[in-house]
Amino acid sequence: MSDNIKNTRKITIQRLIEMKGDGEKISMLTAYDYSLAFILDKTKIDVVLVGDSASNVMAGNVNTLPITLNQMIWHAKSVRKAVQRALLCVDMPFGSYQGSSKKAVYSAIRIIKETGADSVKIEGGKEVQKSIERILSAGIPIMGHLGLTPQSINKFGTYTVRAKEENEAQKLIDDAFLLEKLGCFSIVLEKIPAELGRKVAKNLSIPTIGIGAGPYVDGQVLVLQDMLGISKDFAPRFVRRYVDLYSVIKKSIEQYVQDVKNIDFPNKKESYWQ
Ligand code: KIV
């Protein structure tokens, strides 16, 4: 595939909704930095998410709770410089929208103003309704996120599949309808049974984007480092590894160290002689 796909149409929210209507699946991946986002935007990826999984992947935290609004903005600014074609969405971090709709709109405005992102993502349904309404009223598009919502890990206790029981599945369906009614433009469904994913996708007019939500939803999202095989110790069932970059990178570094020790690097051509 050509490296130059500049002329390809910019992905808009309207285009994502059209894709659902046409039965074309939506592809989404995360990015946290300029270098990888640059490669991402040279592909036909539809949506790039600056996920708060940056907390785990970039900062080595055990969960997404510690990452701050300023840190998310820093990551998103770097990604924005590289992403011109895909739709850019930024996660609102834990503590930036829960509990106060005033704080929520302030946080969302900062994200859009300081990073140039196209939209924000928020975890939760009814419990964050007021924040969603206020952000939407400021003209900021929102992607919802239901099912396993990692910012609530202390409430759930584990990262196991959500909504297996009837009452939790019904709450998820009710929340999905609510998010659509409020005006969210899409919803991430994380780690839920495939049949529930199918039911939600079939009954909503906005796109559903799954991560561990089976094949029937309208699109798929993965963490880039997981599908590239960089994050070695994280291997849930829903991750497909397309390459073992952990081994490729490790081998290359080992070779470099050996070359330096053996005075094989730099060679004549790699040195300046005048
Ligand atoms: O933070 C994140 O990376 C996410 C996706 C996995 C959906 O929320």
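A residue is called buried under 20% relative accessible area, exposed over 50%, and partly exposed in between (1.4 Å probe, protein chains only). By that rule, cysteine 184 is buried because its relative accessibility is 2%. This is a predicted model, where local features need pLDDT of at least 70, side-chain atom pairs count only at pLDDT 80 or more, and totals for chains, interfaces and linings use all residues. Residues are numbered from 1 along each chain as its sequence is written, and side-chain values use heavy atoms, leaving out hydrogens and water.

**The cysteines**
- The structure holds zero disulfides (a disulfide is a pair of cysteine sulfur atoms within 2.5 Å).

**Around the ligand**
- Residues around the ligand (those with a heavy atom within 4 Å of it) include Thr30, Leu49, Ser53, His145 and Val223.
- By class, this shell has four nonpolar, four polar and three charged residues; Asp, Glu, Lys and Arg count as charged, Ala, Val, Leu, Ile, Met, Phe, Trp, Tyr, Cys and Pro as nonpolar, and the others, Gly among them, as polar.

**Side chains facing ligand oxygens**
- In the side chain of lysine 121, an N or O atom is 2.9 Å from an oxygen atom of the ligand.
- For aspartate 52, the corresponding distance to a ligand oxygen atom is 3.0 Å.
- For aspartate 91, that distance is 3.1 Å.

Notes. Polar contact = N/O pair within 3.5 Å; in protein donor to acceptor, adjacent residues only side chain to side chain.
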